[in-house]
Amino acid sequence: MSTKNTVMVFIQQDDGIVADVSLELVCKAKELAGELGAKVSAILAGDKLDAEAKRVISYGVDELFLVEDKRLAHYTPVPYTKVVRDIIVAQQPQIVLYGATTTGRDLGPRIASNLKVGLTADCTDLQIGDHKIKEQLYKNILYQIRPAFGGNIIATIVSPEKLPQMATVREGVMKIVEPDASYKGKITKVDPKLEDGDFLTEIIKRVREEKRVNLKGAQIIVSGGIGVETRANFKLIEELAHVLGGEIGASRAAVDAGLVSQPHQVGQTGTTVRPRLYIACGISGSIQHRAGMAESSKIIAINSDPDAPIFQIAHYGIVGDLKEIIPQFIKAYKAKA
Ligand SMILES: Cc1cc2nc3c(=O)[nH]c(=O)nc-3n(C[C@H](O)[C@H](O)[C@H](O)COP(=O)(O)OP(=O)(O)OC[C@H]3O[C@@H](n4cnc5c(N)ncnc54)[C@H](O)[C@@H]3O)c2cc1C
């Protein structure tokens, strides 16, 4: 496939609302395109999406391919694969990005298999660089970066020989920049070439469970690790989070021990967070935990072990027993508030 100089993003929408991860990817695509001297394009499919299309452009899309068809209102694999594949074949971008959501993880591999190109799943970083294989130098290719071998190493994966280079990217890891409503991007409407036979899957009923834990949107997170020891002690974490108006987070060890439920887990196999304040209580700071919170603006660590690795990334560290420190913290905060 000969390629145009474009970084393309598949824009996921759910019930007509664009997913945050897609906007994060547009912002990252803009950065990558800047390094490549390329344009940013995007694919948005669904029904009645004019307003959302304009919103996506304001994040820095130069050309948005809008596919509107009632039958595409909700994601189903066969028609979406056909629509997205056809646009990729026609536009020949050099990079295509998908969110590592249920939809992106279903769609990305289908497109990769159809086009016989590579796909790196669940990336946590993307960069541009050169790569040499024997005597062949590939310039300005996509470094697809993700944890590997249980998070013990960070692998950089390249797929320079066949284009487009494709990756799914974890939610919450790429920074969203402020949109610019005056950004001049073009909307190109695409007529999907779909037949009734493509709609093999029929959605009979959609059941949506409301998210009760909103770690991604929280500005303050108070997290407890296995150092909290008991469910009764975990009430201290909950109380501190409540007093500060924050959300409750946890390490995987705390989740595995049943101190708190899985949706609260922060880290490589939990949620990636970037709050203004992250308070880690009784958490050692394993690489897998740090992968999900190291980008927090301010980190406070409370740990009885002065050599705990969490102190290497904490802005403020308190060495001591969390059972004594957290009540003092709460008392001091209430006295000031
Ligand atoms: C593939 C893979 C994926 C993983 N994904 C994740 C993930 O997403 N998130 C995650 O968190 N982990 C993840 N892990 C697990 C990770 O490796 C660690 O085991 C885990 O993060 C440890 O949790 P912890 O810090 O609560 O426990 P520990 O490492 O046991 O640390 C407990 C800390 O509490 C301190 N402490 C004890 N008592 C007190 C007290 N009274 N007061 C103050 N401090 C005290 C101790 O000094 C210690 O530093 C993953 C592991 C693997 C292999």
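Asn140 is partly exposed, because 16 other C-beta atoms lie within 10 Å, where a residue counts as buried with 20 or more such atoms within 10 Å of its own C-beta, as exposed with 12 or fewer, and as partly exposed in between, the C-beta atoms being placed from the backbone. Although Asn140 is not a glycine, its phi is positive, about 50°, and the residue is found in strand E9; helices (H or I, at least four residues) and strands (E, at least two) are DSSP runs numbered from the N terminus. Most residues other than glycine have a negative phi, and most peptide bonds are trans. This is a predicted model, in which local features need pLDDT of at least 70 and side-chain atom pairs count only at pLDDT 80 or more, while totals for chains, interfaces and linings use all residues. Residues are numbered from 1 along each chain as its sequence is written.

Strand E8 (residues 125-133) and strand E9 (residues 136-148) pair in the antiparallel sense over 8 bridges, pairing being assigned if DSSP finds at least two bridges between two strands. Within this pair, Gly129 stands opposite Ile141 in E9. E8 and E9 form a hairpin with 2 residues between them, and Lys134 in the turn has a positive phi of about 50°. E9 pairs as well with strand E10 (residues 153-157), again in the antiparallel sense, over 5 bridges, and here Arg146 stands opposite Ala155 in E10. The loop between E10 and strand E11 (165-169) holds Pro164, and the peptide bond from Leu163 to Pro164 is cis, with omega near 0°.

Another positive phi is found at Asp15, where the value is about 55° although the residue is not a glycine. Asp15 is in the loop between strand E2 (13-14) and strand E3 (17-18), and it counts as exposed because 9 other C-beta atoms lie within 10 Å.

Helix H1 (residues 20-36) has 17 residues and reaches 24 Å from its first C-alpha to its last, close to the 24 Å expected at 1.5 Å a residue, the expected span being 1.5 Å times one less than the number of residues. The buried residues of H1 include Val21, Leu23, Leu25, Val26, Leu32 and Ala33, and among them are also Glu24, Lys28 and Lys30. H1 is followed by Gly37, whose phi is positive, near 65°.

Strand E4 (residues 39-46) is largely enclosed by the rest of the structure, because 7 of its 8 residues are buried. Strand E1 (residues 6-11) runs parallel to E4 and is joined to it by 6 bridges, with Val7 standing opposite Val40 in E4. E4 also pairs in the parallel sense with strand E5 (residues 63-68), over 6 bridges, and in this pair Leu44 stands opposite Leu66 in E5.

Val78 lies in helix H3 (residues 77-91) and counts as partly exposed because it has 14 C-beta neighbours inside 10 Å. Leaving aside its neighbours within four places in sequence, Val78 is in contact with Asp198, Leu200 and Thr201, two residues being in contact if their C-beta atoms, placed from the backbone, lie within 7 Å. Val78 and Thr201 are 123 residues apart in sequence, yet their C-alpha atoms are 8.2 Å apart in space.

The protein is divided into domain 1 (6-198) and domain 2 (220-336), with bounds that come from an automatic or database domain assignment. The C-alpha centres of domain 1 and domain 2 lie 34 Å apart, and 7 residues of domain 1 are in contact with 8 residues of domain 2. The side of domain 1 that touches domain 2 divides into 2 nonpolar, 3 polar and 2 charged residues, where Ala, Val, Leu, Ile, Met, Phe, Trp, Tyr, Cys and Pro count as nonpolar, Asp, Glu, Lys and Arg as charged, and the others, Gly among them, as polar.

The ligand is surrounded by 29 residues, of which the closest are Gly225, Gly227, Arg252, Gly267 and Ser284; a residue is near a molecule if its C-beta atom, placed from the backbone, lies within 6 Å of it. Helix H6 (252-256), helix H7 (287-290), strand E16 (298-303) and helix H9 (322-336) each supply at least two residues of this shell, and the largest share, 3 residues, comes from H6. By residue class, the shell divides into 7 nonpolar, 18 polar and 4 charged residues.
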